[in-house]
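Open the model in your viewer and follow the stops below. Each one gives a selection and what to look for.

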Amino acid sequence: MERRWSGARGPGLLLLLAGALLAQTPGTAAEPEPALWPLPLSVRMSPRLLRLAASDFSIVHGPSSTADPSCSLLEEAFRRYYDYIFGFHTRHHGFAKFQAGPQLQQLQVSITLESQCDSFPSLSSDESCLETFSQLVYEDSYGTVTINESNIVDSPRFAHRGILIDTSRHYLPLKHILKTLDAMAFNKFNVLHWHIVDDQSFPYQSVTFPQLSNKGSYSLSHVYTPNDVRKVIEHARLRGIRVMPEFDTPGHTLSWGKGQKGLLTPCYNQINKAQSMGPINPIVNTTYTFLTTFFKEISHVFPDQFIHLGGDEVDFSCWASNPNIQTYMEKRGFGEDFRKLEAMYIKRLLGIIASLNKSSIVWQEVFDDGVQLRPGTVVEVWKYNGYLQELTKVTRSGLLAILSAPWYLDWISYGQDWRKYYVVDPLKFSGSEQQKQFVIGGEACLWGEYVDATNLTPRLWPRASAVGERLWSPQNVTDINDAYNRLVIHRCRMVRRGIAAQPLFTGHCNYENKI
Amino acid sequence: MGCSCCRLVFSLLLAAALACRAAALWPWPQYIRTSHRRYTLYPNIFQFRYHAGSAAQAGCAVLDEAFQRYRKLLFGSGSWPRPSFPGKRFVLGKEMLVVSVATAECDEYPTLESAENYNLTINDDKCLLLSDTVWGALRGLETFSQLVWKSAEGTFFVNKTRIRDFPRFPHRGLLLDTSRHYLPLSSILDTLDVMAYNKFNVFHWHLVDDPSFPYESFTYPQLSRKGSYNPATHVYTAQDVKEIIEYARLRGIRVLAEFDTPGHTLSWGPGVPGLLTPCYSGSQPSGTFGPVNPSLNSTYEFMSTFFLEISAVFPDFYLHLGGDEVDFTCWRSNPGIQDFMKKKGFNDFKELESFYIHTLLDIVSAYDKGYVVWQEVFDNKVKVRPDTVIQVWRETVPVDYMKEMEKITQAGFRALLSAPWYLNHITYGPDWNDMYKVEPLAFDGTPEQEALVIGGEACMWGEYVDSTNLVPRLWPRAGAVAERLWSSNLTNNLGFAYERLSHFRCELLRRGVQAQPINVGYCEQEFEQT
């Protein structure tokens, strides 16, 4: 199993540009320069400028490519990136007079591995270089679309580079999720961690258990239909992004209870049965029958290998109050240790997931509470205090780790907090080389308590971009001033591509956000 | 009292908020009585109409346009089927809101002194809005629009209600900064709309500052040509400015323009050579520039001409002249300034600053303008006219802002509070709570001193804000300040405010405003990107 992860840091892609070269004086270095984000593994850029004309430029399959025009994934990408490069310029300038000089007429894309045009990206997939190419292109002060002759070798440092969105605390309309996927691709993120349900609402429309969203969503229009989910998955696939759903249990499940009677634990107060409900009831068989059927559906709906099972912040007080659970604890010899009860629940759930041939990701509590995890299980480290020690512990026990503790983007503060995210090094913990290999990446998390469609985009971008570069670029890419200069340009590029990314600091973009 | 009146006494506020639609008002009126008795509004026939005895009649732009706006806000822009009442009217309905104002100021500008009080009576006999001025009528129309609600079946209702309302403070401002980041015209106009929904009445326009000079001056066109981010795209033309002023006027909002000097002026330099102080390192100019050069006559000639234009362009009686954060190091380094200091017998750069400000104030008052300045002008003991308005922005230095309010009013000056209301400072969670809890008169002072507090401003400085994040960062947070400045000091229950503000933010979404959530939950109509 493990070779798969290290394999992801393999040969990488080669992006080589050569134009129809004419013996002309190369343009003197104009003030505008391309700004790559995230920074590639290696960049060699010559001062020699090539110009691109919208009417005379195409992105095509290379002669040696294993992919051909039947590959819709690439065809779609070619069209998209052609538009990013020219679409916005032509709108402003019409047909600009083309200047003399060496011209770049074609970008050849060669894929060397077996074609995966119709499959889904996985943890071992290679990455597309079109984004990098589009970032190399810039407009000089005359409005000419220009690119430097360049040679770039690139591959990601970590295989799992995720963004978490939370559609339970606030519902996010489909459009905003798709927009987020666009922006993720601009930043070479490759995992959408979709925290789809939680205490507050259950917007996922289940085919097997339609009552879950009928009763558990905020309203009947605050749901994701099977078709919505398919659209998200396909939009993501076309951008090389995996969609990893999270169905967090046994805590964070209040909204499940409305549509699935008997699933949650009834909490008791001293005198009689109270109205309130607690975590999933782990002592009744019906719970596991339900989970088996439910996750069977999930494993079909979401093609990704991984399902996030949550397992965080289980409140034991409700379990403790319930006489049936007390009896059960006694019978099983768990004493007063509810972690044992939690462990039992999670263990059975992991078994269900494994039987569906899926892999599991869990929040760190599951590991902390001593649940026995199968090798290959991924532990997501989210607690800020002592997160480096936690990484040491998780990887020491041979489990894979994802880091998100320092990257909770919902925690806002005044000023340039992206710097804080940028200086994190996920491998700074003490551990062997092999342990470091077990860290497969990280995630920027935008929890939804105070975030909905009104503020999602400016709160996410470009702050998440800092995490994007940390997870993609080599470890030694740490010059924060250089990062600032590139990120300022990158955020303007996002704005121009229709992403309302907020400013890093005082200044302006040539093309401001259109309202 | 067996009727279903929503008696909104304090202990019942929360219960009332849940039980009664009218309780969703923001900001909360001074006096309100409302009941469950309700009247139907039919979108196809409902209209606003002038009372026969009203001083303003059809043709009054301020109200004519407001009637149109509020019809659209209430019922949307769709066309409604013709009325078809089967026989007699079997439900209690209202066909119109009758509006009557005592004085017509339809072509004038709102001022600091404008009355904004209104009475709204909706009962079996009447649906009547009474006010002294058109500005008060605007406030009443907004309240009326918040009273109307829609049943699950889609019927519009308004409850039997009596409201007597007036603002606690006459100056309720919102500051936008168009220098750190340029804000497109549409962002400013949209903000004015939402300000009106919140009953704000002053748009404090911090037009220019160190980073850029987007104001296109016709006397000194070089200022924006050289000082803006981009003279073709990142400027406000004379037409833009006019449009903003008129758009604001129609919503009863004053435009208070700020041209901050002598500090915060780096962007002025390229367009007006010689205006800024050249900084020296040793005996040589270092190439950098500092504040406006107060030692040259040419400076005052420039200011005189420039502010003549500004006084004409901005109709409001008040101009904001800034005067904050003057850095003395550059002045200190400049030999010309050192000579000037000697000649004038100044020992302290505060005296030099005072000299500059004093001269500037004389220039501006000669144009029949009043002025607002930041608190440093007071702190540095600049001699100012007694009718100067001092704006308090520093939270703890030199003294706690409440102490500063006390000192300013003690000295007999009018004061504006903004220190606790810097909306650009963001933190995790419901930070509107703290802004809401501020009591502007919580200082030791006589009633006369308290009367000198004319209001406050919520400030959205632009270092980290542009059109990408302005709206969600402003709303509904600025709403907390709006209510503090409009409503009674007794309207201070956080739970009651929370219920209403949650509701109000959904109403803002319904009106197309990208207002961010204040907690988990949902709105029937979520924000949809277009």
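How many disulfides are there over all chains? The count comes to 6, taking a disulfide as a pair of cysteine sulfur atoms within 2.5 Å. This is a predicted model, so local features need pLDDT of at least 70 and side-chain atom pairs count only at pLDDT 80 or more, while totals for chains, interfaces and linings use all residues. Residues are numbered from 1 along each chain as its sequence is written, chains are lettered from A and ligands numbered from 1 in the order in which they are written, and side-chain values use heavy atoms, with hydrogens and water left out.

**Stop 1: chain A**

Select Cys267(A) and Cys318(A). A disulfide joins them, S to S 2.1 Å. The link of Cys267(A) and Cys318(A) is left-handed, with -105° about the S-S bond. Cys267(A) sits in strand E10 (residues 264-268) of chain A and Cys318(A) in helix H9 (residues 316-321) of chain A, so the pair links distant parts of the chain, 51 residues apart. Helices (H or I, at least four residues) and strands (E, at least two) are DSSP runs, numbered from the N terminus. Both Cys267(A) and Cys318(A) are buried, meaning under 20% relative accessible area; exposed is over 50% and partly exposed in between (1.4 Å probe, protein chains only).

**Stop 2: chain B**

Move to Cys60(B) and Cys106(B). Their sulfur atoms are 2.0 Å apart, in a disulfide. The torsion about the S-S bond of Cys60(B) and Cys106(B) is about -100°, so this disulfide is left-handed. Both Cys60(B) and Cys106(B) are buried.

Next, pick Cys279(B) and Cys330(B). They form a disulfide with sulfur atoms 2.1 Å apart. Cys279(B) counts as buried at 10% relative accessibility. Cys330(B) is buried too, at 5% relative accessible area.

How are the bonded cysteines of chain B paired in sequence order? The pairing is 1-2, 3-4, 5-6.

**Stop 3: two helices**

Show helix H4 (residues 185-197) and helix H6 (residues 238-249) of chain B. Their axes come within 10 Å and cross at roughly 10°. That makes H4(B) roughly parallel to H6(B). Axes are lines fitted to C-alpha atoms, for helices over the stretch in contact, with angles from 0 to 180 degrees between N-to-C directions. Under 35 degrees counts as roughly parallel, over 145 as roughly antiparallel, 65 to 115 as roughly perpendicular and the rest as oblique.

Display the contact side chains (heavy atoms within 4.5 Å). Among them are Leu185(B) and Ile188(B) of H4(B), and Ile244(B) and Tyr247(B) of H6(B).
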